[in-house]
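Welcome, and please get your viewer ready. Let's take a short walk through this model together.

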Amino acid sequence: MKYDNAIPIYLQVIRVIERDIVTGRLAPGDKLPSARDLALVHGINPNTAARVYRELEQSGVCFTRRGLGTFVTEDEGRIRALHEEMADDIVSRFVSEIMEIGMTREETISLLEKRIESCSKAEN
Amino acid sequence: MLESRELTKKYGSKTAVDHVSISLEPGHIYAMLGPNGSGKTTWMKMAGGLVKPTSGEILYNGAPIGINSKRDIAYMSTEPYFYNWMTAKDVGKYYQDFFADFSMERYHELLERMELTPDLKTKALSSGMMAKLKIAVTMARDARVYLLDEPLNGIDLLARDEIMRSILQSSGSDKLLLISSHLVEELETIADYAIFLKQSHLIEIVATDTLREEQGKSVADRYREIYGHGGEN
């Protein structure tokens, strides 16, 4: 994985895991690698890997069973909420950028609709 | 665990390390950074017990560096230090005689991962192969402290990943790793602390993710500030 070295590494790894959960690559209740393996797989410091799990646990996205490891939450509501948080994040970044270059609300919406149209055509 | 207090080394009129005080703890991977001549190698050599301080002290678990600390500290120097006639296998035997914590099994496993064979003569090795051999034999020790001076020198991109993996595999909550490099980017994600040395002095020691979180800077950004134009000269 390629990192943006100016953004905390633990946040970037969290994002990767959250994305895997939201897209279903990781299912509710799935076991995650040990912090040590996570460090090896991502090429990161083991303390950073441990922090990734601490933060994910604190936000309720993962949970740890003593002696067994860390797992994806089984709480579907939490995963739905994560999905929404992520979508909101993407939209707010998009909106702030599109406003910065001076697009109106109508122009933006029409652009979005056109883009969505062509994307769904490409998929079919 | 490893601490230098006002550590100073002079070679004639030249001061290689000037009153450097640092305290390093197990469970961390430290990147020691700075251009050539900033004092990294000399500091490490003193920690490895190869060079005696002119003044100040360097302590391992509270006691001065000596025979006892060498048992726990695996030091890898920049320059190759094997006899010409040795094969990779001989290098392993040599280490096995010297260090009780050396594992021949781990050594062979590391050699294989580095795509080296035991029958290779050290004099026939390219600089990249030599760098890999040095890492393999050093990381085959189950030491408490690893001091790696420029482990990435002369190593191509693909072999670097393998070396980083071996380094990470040897890390642990009771281990201390100190890696010097002028390839700052290579250590960005692997080190949790960065130590900046400049002209024989300690500039600062920072937690890498704190630097990112509080200042929005990468280790390389900070490096440029310290050593580049506009730096505190």
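Predicted model: local features only at pLDDT ≥ 70, side-chain atom pairs only at ≥ 80, totals over all residues.

Residues are numbered from 1 along each chain as its sequence is written, while chains are lettered from A and ligands numbered from 1 in the order in which they are written.

**Stop one: chain A**

Select 9–74 of chain A for domain 1, then 77–123 for domain 2; such bounds come from an automatic or database domain assignment. Between the C-alpha centres of these two domains of chain A you will find 27 Å. Where they meet, seven residues of domain 1 contact five of domain 2, contact being C-beta atoms, placed from the backbone, within 7 Å. On the domain 1 side of chain A, that contact set holds four nonpolar, two polar and one charged residues (nonpolar: Ala, Val, Leu, Ile, Met, Phe, Trp, Tyr, Cys and Pro; charged: Asp, Glu, Lys and Arg; polar: the others, Gly among them).

**Stop two: His19(B)**

Now pick His19(B), part of strand E2 (residues 14–24) of chain B. Strands (E, at least two residues) are DSSP runs, numbered from the N terminus. His19(B) is not a glycine, yet its phi is positive, near 50°.

**Stop three: Ser200(B)**

Finally, go to the loop between strands E9 (193–198) and E10 (201–207) of chain B and click Ser200(B). Here too a non-glycine residue has a positive phi, about 75°.

Key
Contact = placed C-beta atoms within 7 Å. Helix = DSSP H or I, 4+ residues; strand = E, 2+ residues; numbered from the N terminus.
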